[in-house]
Amino acid sequence: MRCDAFPHHVGRRGRYRRHRRGLGVIAAGLDVVATDPAEGAEQRLLDSLRRTLDIATELSGRSGADRGDLRFVGSVAEAVHDADFVQESGPERLEHKGALLAEIDSFARPGVVVASSTSGFAPSTLQKFAAVDPGRVLVGHPFDPAHIVPLVEVVPGSATTPDLAQAAVDFYRSVGKKPVLVRAELPGHITNRLQAALWREAYSLVDRGVATVADIDTAISHGPGLRWAIVGPLTAQHLSGGQGGMRHLLEHLGPPTQKWMDDLGEPQLTAELAHKLVAGMDEEMNGIDQAELLADRDRLLVDIMRLKRSSTNLP
């Protein structure tokens, strides 16, 4: 059964990451049809598949014999005409996404969900490009590395019915993802906004000379980030409150927390601040092999995912 079409119009940057977005679907036993007009895209996709499909299969809990098939085709029409779910992963430029979504919408079967991987465009904006069935266009935003990280943000647009939004949530859940339904259209959806809030204060601290780039990475990765990877920031707060939980914590730490929030910086990403951040990162990465660091990160992410799935208490 062909349950996922995976069209790509991908620029030079991010090809491998984007191609990995279909691996969890293949590992879950569904067939994927992919297309990408970039020169050499098929070979890059196959190379990515060979490097990472075993990891995706391991995380799926299925055997290699249960994998789906991958077929690469030469056009959007051929990729989507018989698909049961379409994931668009084009570059983050509205004119490109709009043209691609219009083409997908013209060839996909009626009622098939068309999910865009956009990091920040509103689905209602994207729906305007779909002349046939705008309501089926919504956001299905995965996170890098998408063959390991299970989160997908599902954002319905103004023309999306609850049934279609739920169909997208159900599909992602069926292939082992952790979908969250975003109940309002906001720039950056949920997770990028949360990241941006942290980055804003990190940038401010660097700009003010309070901490180095390396200090900030250490403070999060060896501190609250360890807890957040297990239960999330709000449940971590609840657990810090002991038997009284969140109520006790807010009663005692709410007033000082409000003062901290009121004192957060509002940096502007000027050329000077960008130079400080880049210089700080260059200093932190000095002597570190970035490819090896990336491989270590992915290996540890797999270990964390495996351990989390062994717990019966984590949601």
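In which sense do S4 and S5 pair, and over how many bridges? The points below begin with that pairing.

1. Strands S4 and S5 pair in the parallel sense over 4 bridges, where pairing requires that DSSP finds at least two bridges between two strands, and where helices (H or I, at least four residues) and strands (E, at least two) are DSSP runs numbered from the N terminus. Glu88 stands opposite Ser116 in S5. From S5, residues 113-116, Val113 and Ala115 point one way and Val114 and Ser116 the other way, and all are buried; buried means under 20% relative accessible area, exposed over 50% and partly exposed in between, with a 1.4 Å probe and protein chains only.

2. On the basis of the note: this is a predicted model, in which local features need pLDDT of at least 70 and side-chain atom pairs count only at pLDDT 80 or more, while totals for chains, interfaces and linings use all residues. Residues are numbered from 1 along each chain as its sequence is written, and side-chain values use heavy atoms, with hydrogens and water left out.

3. Helix H8 (residues 191-207) has 17 residues and should span 24 Å at 1.5 Å a residue, which agrees with its end C-alpha atoms being 24 Å apart; the expected span is 1.5 Å times one less than the number of residues. Its buried residues include Thr191, Asn192, Glu201 and Val206, and the buried residues of H8 pack against strands S6 (137-142) and S7 (151-155) and helices H9 (213-221) and H13 (271-285), contact being heavy atoms within 4.5 Å. Gly209, whose phi is positive, near 75 degrees, follows H8.

4. With a relative accessible area of 2%, His189 is buried. The peptide bond from Asp144 to Pro145 is cis, with omega near -5 degrees, and Pro145 lies in the loop between S6 and S7. Most residues other than glycine have a negative phi, and most peptide bonds are trans.

5. Asp36, in the loop between strand S2 (31-35) and helix H3 (41-60), is buried yet has no salt bridge, and the nearest side chain of opposite charge, Arg44, is 5.5 Å away. A salt bridge is a side-chain nitrogen of Lys or Arg within 4 Å of a carboxyl oxygen of Asp or Glu; Lys and Arg count as positive and Asp and Glu as negative, with His and the chain ends not counted. The side chain of Asp36 does reach the backbone nitrogen of Ala38, at 2.9 Å.

Note on methods. A polar contact is a pair of N or O atoms within 3.5 Å; within protein, one must be able to donate a hydrogen and the other to accept it, and residues adjacent in sequence count only if both atoms are side-chain atoms.
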